[in-house]
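Please look through the sequence and the model before reading on.

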Amino acid sequence: MESPAEIKEMDKKHENSVKWYANWRFITGGLLFTIILLIAAVWYYQATHFNSQTKINGIKVGGMNVDQALKKLKTTTLKNVVYIGNQQVFDGKDTMMGFMENDLPQIKKILKGQYTFFPSSKANNYSLMPSKQDHYRNQTLKKQVEEKLLAMNKSLKVPKDSVVRLKQGKIVVTNSVSGEQYDVPSLLVDYDKHEYISEIQLNPVYIQPIKEDSEFVKNQQKKMEEFLVQTLDYKVQNKVFTLKAGELIKNASISKDLQIKIDDKGNFKKKIAEINQSQSTLYKDISFRTHSGSVISVKAKGYGWAINVDKEIPRIMKAFESGRKSVSASNIYGNGWNGEGYGYDAVKNNGIGDTYAEVSIAAQRIWIYKNGKLVVTTNVVTGNQSTHHDTTPGVWYVLYKQTPAVLTGRENGKITYQTPVNYWVPFTNGGQGFHDANWRSSFGGNIYRSNGSHGCVNTPPSVMKTVYDNLSTYEPVIVY
């Protein structure tokens, strides 16, 4: 059993223990409360302020609340300096950032997004555009930069594309050459994506040439190869001549839209001239079978046609370029009053056809054929041989028809006679033609040698109407 002193000692220890426990609880509670307050304060601060290393558009807003950050953004000046790589290319005018009160929600969103429970020294740089468009930055400055780049490009080395050409009959691919000109559209796209800060740093982008190993150049080569095996049917009268691109075309170029352009006439002139020589009748001696069956040669004078080679070549070249398969001769000329040619559609009888008038000076007779059949024949009187007013031999054509008419003769610019006739059918530009001659009582024989006409074919009035009715404008008249 404990003594009173021992009991007293034990009570004292118990009392001290109770006091110590009470003090410990108070201290612990106070410390815990202080920690909670501290944490709450830190949390609140962190929730309402940016971390120390936070930037918006490159501007430090660390430790600021949204109002302070907005104020700093509103009062910050944009220098608007534009760089491509390390080279400054434009220095725009200074402008204010242009943030307003209605941009607070965006700043709050950034604040919330960068929130950490405990303070963070991690660097964060956020990009923010003002809700109201910056007209200078988005339009004026951008346009100025574009104009500056385009002006700079004028003095910079131009890139050269690989080019496909036909040279002297061979397909040649030139090498591409790099240049120094800026790819302005691409740089402007980069400009649009740039952050809202004072210095606009654009990555250098250059105009790239089309490379010789590109798919584009390969397609051009293929197109040129296909072009060179192309043929064109060239129709002249009832004949077709096959023209071959590979034989005629020696130099050509091809555009970016795969359109081929022939660069010179190559062998076209020689080829079309050959075809013209083989088919045309103008100024040629035409073989003609007379009424008696004999074959003679008569030179085409008023009658006849030829191809204008120089005018025809561009048409044929264009036909090749456009990929046409056939083309007909078009530029036909001759000795008509307006340079027109006649007889192109006549493919029978060596180009004279089967409808014509035949005039024999020696026989002093004419024969008129329609569709190969003789419709009228009669004796006539041709030009006076003794006075050198001979009817001119050659292949001519009916210029026009007139009934009645007054024939006017001229010598040295003076009118020598004026004779009325019932029917007039001229066939030379010099004024020779068929007409009735009621002043004559006989026709044929040798009258023409000393008492012939002034060059016309005097026809008996009794048959002249039949002659007139069976002659048609532009039909050939063969005089021999």
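In this predicted model, helix α8 (residues 268-279) and helix α9 (residues 309-321) have axes that come within 10 Å and cross at roughly 115°. Axes are lines fitted to C-alpha atoms over the stretch in contact, with angles from 0 to 180 degrees between N-to-C directions. Helices are DSSP runs of H or I with at least four residues, and strands are runs of E with at least two, numbered from the N terminus.

Contact means heavy atoms within 4.5 Å. On the α8 side, the contact is made by Phe268, Lys269, Ile272, Ala273 and Asn276, and on the α9 side by residues including Val309, Ile313 and Phe320.

The axes of α4 and α5 also come within 10 Å. Their angle makes α4 roughly antiparallel to α5 (over 145 degrees; under 35 is roughly parallel, 65 to 115 roughly perpendicular, the rest oblique). Among the residues that meet are Leu141 and Val145 in α4 and Leu187 and Tyr191 in α5.

| Helix pair | Axis distance | Crossing angle |
|---|---|---|
| α8 and α9 | within 10 Å | roughly 115° |
| α4 and α5 | within 10 Å | roughly 155° |

Asn251 lies in the loop between α7 (245-248) and β13 (252-254). Asn251 is buried, at 14% relative accessible area (buried is under 20%, exposed over 50%, partly exposed in between, with a 1.4 Å probe and protein chains only). The side chain of Asn251 reaches the backbone nitrogen of Gln168 at 3.1 Å.

Residues are numbered from 1 along each chain as its sequence is written, and side-chain values use heavy atoms, without hydrogens and water. Local features need pLDDT of at least 70, side-chain atom pairs count only at pLDDT 80 or more, and totals for chains, interfaces and linings use all residues.

Terms used
Polar contact = N/O pair within 3.5 Å; in protein donor to acceptor, adjacent residues only side chain to side chain.
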